[in-house]
Amino acid sequence: MSLKRTIPMTTVSGFAVSAFFVVTILNILIKNMPSNIYRAGDELLKLNSSEGVANAVTTVVVYFRGFDTLGEIAVLFIASLGIGLVLKSTTKEKIESEESNFMLKTGAKLLSPIILIFGLYIMIYGHLSVGGGFQGGVIIASGVLLLLTSSNHFHISHRVVERLETFAGVSYVMIGLIGLIVMDSFLGNFLPHNISQMGLLLSGGIIPIIYIIVGIKVGSEMSVIVDNMLKRDIDD
Amino acid sequence: MLGLIILGTFIAMILIAFKTIIEPKLAHSVVLSMGIGLSSVMLFVTFQSPDVALTQAVIGVGISSLIFLMGLKHLRGGYES
Amino acid sequence: MIETILNFLNQKEVIQATVVIGSMGLFLIGLFGLLTQRHFIKLFISIEIMEVSIFLLFIGLSFQRGLTAPMLGDGIKTFTNMNDPIPHAMILTAIVIGMAVLALGVSMAIEYHKLTGITDVDKMNRLRN
Amino acid sequence: MSSIYFIALPLLFGFAVPILSKIGKDGVAYTSLAMQTLLTLLSITLALKLDSPIVEVIAIAPPLGIALVVDSVSILFVTLFTSLTLATSIYYMGGRDKIKYKNENKFFILLNMLLASAIGLVLSSDIFNIYVFFEIAGISAYILASYNKTPEALEAGLKYLITGAMASIFLVFAIALIYLHLGTLNLALISQNFNTLSGEIQLLIATLLLIGFGFKVEIFPLNFWVSDIYEGSTSLVNGLFSSIVSKAYLFVFFHILYLLLPHHSFTNFLIYLGVVSLIIAEIVALRQRNIKRLFAYSSLGQLALLFIAFSIQTTDSIYAGLYIILAHSLAKMVIFLSISYISDRYGSEDIEIFSTLNSPFLKWVLVISMLSLLGMPLFAGFVGKFLLLKTLGGMGSYGVVGAILFASLIEAIYYFKLIGMLFNSRERGESINISPTQKSILSALAIAVILFGVAPFIISDWLNVASEAMINSHIYQNIILGVKI
């Protein structure tokens, strides 16, 4: 059996094109390795202790580059809206599917509280250790996913989730606008943030508050996305 | 040790990725794609970026696999034409 | 013998080269998948592979051996000798955005398949007259 | 009077829609309208009293943090975007009793998010922030394209999404390389230090940016999907894509290019890309039967013209380019808004609907905008095209001049075919009466097209300053790096 017969022509040409492109890039990258003379990040690290937050990534995500995070929340918001729009089911009620098995049910009962609490922990301690709003929110959503798959009787109340989402989104922009009025810069840190409080739960001014808001927003949006996808699942 | 871990993970990742792409069964390739995510988590940890690793673990591995599995369930056939 | 190999691999330049070659290899596989695979799910997986490869390249090259993660912890009381936090923050943002776009894409593909029964990008030709 | 409101208010609106929908039946629609009016007024006021650039600092001062820069060129785009979005909204509200979208609230959210992201793209001075807005604009556009949920619309959305995802990968790649080599994300600082990099890396970054933005700027060979998107989505949305989204991407791409590679030989290559793009788009447009597809190819042609104008990199050519942007945005808005009404009434998208069109007002408005797109004297399109040809002639690139004239000739064939259909038809469809609100929007836009055609001097001062600000990277560096808190 010759090579020609087993591998189609498109595969070969596709591989040739991409290999040529990537090897050219690789060649340039290998010849010009980055040198570490000046990094904006090093200056941000120096500034970081003045915000009183132990996790420098959190400070950068929420405060120094907080505008990006607002945009990111907007992307997630639009995506969740779009998924709801695209997958909107014609029949509203959830059709009963077959019961999930015993293992899944028991496992869900045992695990889901732990997962939800772990999500909350990650969310609230975002400014002190690894994690934060995004990760915590998504972990909470995965707990919700477990509950949704294990039980036919578990429903997400879309009204409650929508309220949470609205509250989080509006208060994020509002905090930003208060910062604009008080500190003269959008998303300015207008609450007290003392370096002596570093490491405490209540430290860093608005940073932990914003990250918790982000967590609520991400958690509710991801739950809606997951719910929409599963609902459609039962639909057809 | 560090260099070896990085090298080994990259090799594993490339092999998994190649298998993911050429695999004719869709279900297999979705499951294999989780492997790519997991090994990238490993690499992010090695590169001293725990935040990115956690994010990649919950989003890149967790949620995106869920999305692909959902897609797999609806885009029936299971096999490519 | 093993000692020498390990030491060789631990050099800064070698680690950088590993990162560049490894991530570009992943990029190549993703691009190859994008050009040759035609099923929606396969396409989205290829896109994800390409994204991950860029993230690894960025984080890997900004990583410096011997510096710690950018946060305080046991025994680390000042913000010195830490890795650069900006790439971490950027990649964190990019991962979430990439996932959002992917989720939307898969949903659209599901709905499109439901309406037309097509799972193949090449067969999407309702709009070509 | 802070420029942050241009982005914060639409986002706030989007997040607060569930509250607003409780106000009353039309709470969301009228809030959106009020907010857009406010933003339009704000942008016009800023434009009129702007004597020196304003830098809006977010969290920390520019070289480290994100800043929004309002200078004479960015405020031009902001004014254009806010007023055109307002025009679309009012037009939609005027015909709402006849054509009402399903899930209207979501349409308003997407519309405002599109506006916010287009403004963010233009104002932001941080390259990663630009990427975030790039994605917001992209994801809103994907959903708007597949808004109707017909198979055609979903196909358009999927194609848009896949190409957009590819584009964003290349953009992230470019941004990662920039940060790795220069250690900064601030455009001004990048611009200052970019020439210290080796030539290969410079070219690689520029190519990656070209691929990333090329998908969105709709340049050959990355524009194979554009006509499908236009055919699949509704005309109202097409107007937004053509006049707002693609213009925002075009501006950002050339803005970054001027900052990174001023007067580099790379741009000569872009001129040829533009010429090829132009000729192909116009030739393919000739044989289109679908009205939306035809105008999609016409948009591609105009974008290619803009690509040529901006690639030449002289103050005169940028002046011409900005004028073409103005003329094209206004004229295309008129055309797509009218088509959205006509095709809905006659239930067809074939170009034959032009010969059955029975409304003198719409006929005249369409003729004015088509003549302007063609570049007839007394219309806005003429000024831009003429200035571009004059600049090219002065440089001695007669080949490019010939190509543009050839493309205009082909354009003339199909535009005059359409105009002939409008006026020489025997059979008459049912007469359509467009509502007074919609009439006033269309006539305002058409009057603007004529006004900019007969009296180009009214904005020539502004455009002169704007083109100077756009091309001169030192001005931009001084604006941003001079600011400290």
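This is a predicted model: local features need pLDDT of at least 70, side-chain atom pairs count only at pLDDT 80 or more; totals for chains, interfaces and linings use all residues.

Residues are numbered from 1 along each chain as its sequence is written, chains are lettered from A and ligands numbered from 1 in the order in which they are written, and side-chain values use heavy atoms, with hydrogens and water left out.

**A helix pair in chain A**

- Helix α6 (residues 102-124) and helix α7 (residues 133-150) of chain A have axes that come within 8 Å and cross at roughly 165°. Axes here are lines fitted to C-alpha atoms, for helices over the stretch in contact, with angles from 0 to 180 degrees between N-to-C directions.
- Because of this angle, α6(A) and α7(A) are roughly antiparallel to each other, a label used for angles over 145 degrees.
- The contact of α6(A) with α7(A) involves 14 nonpolar, 10 polar and 1 charged residues. Nonpolar covers Ala, Val, Leu, Ile, Met, Phe, Trp, Tyr, Cys and Pro, charged covers Asp, Glu, Lys and Arg, and polar covers the others, Gly among them.

**Chain B as a whole**

- Chain B has 3 helices and 0 strands, and its elements run α-α-α from the N terminus on. Helices (H or I, at least four residues) and strands (E, at least two) are DSSP runs, numbered from the N terminus.
- The C-alpha trace of chain B spans about 45 × 25 × 10 Å along its principal axes.
- Of the 81 residues in chain B, 56% are buried. Buried means under 20% relative accessible area, exposed means over 50%, and partly exposed lies in between (1.4 Å probe, protein chains only).

**Salt bridges**

- Side chains of opposite charge can pair when their charged atoms come close.
- Over all chains, the count comes to 18 salt bridges, each being a side-chain nitrogen of Lys or Arg within 4 Å of a carboxyl oxygen of Asp or Glu.
- In chain C, C:R38 forms a salt bridge with C:D122, with the closest N and O atoms 3.1 Å apart. C:R38 sits in the loop between α2 (12-36) and α3 (40-62) of chain C and C:D122 in the segment after α4 (85-116) of chain C, so the pair ties together parts 84 residues apart in sequence.
- C:R38 counts as partly exposed, at 24% relative accessibility, while C:D122 counts as exposed, at 55%.
- In chain D, the side chains of D:R96 and D:D26 meet in a salt bridge at 2.7 Å, N to O. D:R96 lies in the loop between α4 (72-94) and α5 (104-123) of chain D and D:D26 in the loop between α2 (17-20) and α3 (27-48) of chain D, 70 residues apart.
- D:R96 counts as buried, at 11% relative accessibility.
- D:K385 and D:E411 also meet in a salt bridge, at 3.0 Å from N to O. D:K385 lies in helix α17 (residues 380-395) and D:E411 in helix α18 (residues 398-423) of chain D, so this pair ties together parts 26 residues apart in sequence.
- D:K385 is buried, with a relative accessible area of 9%, and D:E411 counts as buried at 3%.

**A strand residue in chain D**

- D:V57 lies in strand β1 (residues 54-58) of chain D and counts as buried, at 9% relative accessibility.
- D:V57 and D:L68 are 11 residues apart in sequence and 6.6 Å apart in space, C-alpha to C-alpha.

Technical notes
Angles under 35 degrees count as roughly parallel, over 145 as roughly antiparallel, 65 to 115 as roughly perpendicular and the rest as oblique.
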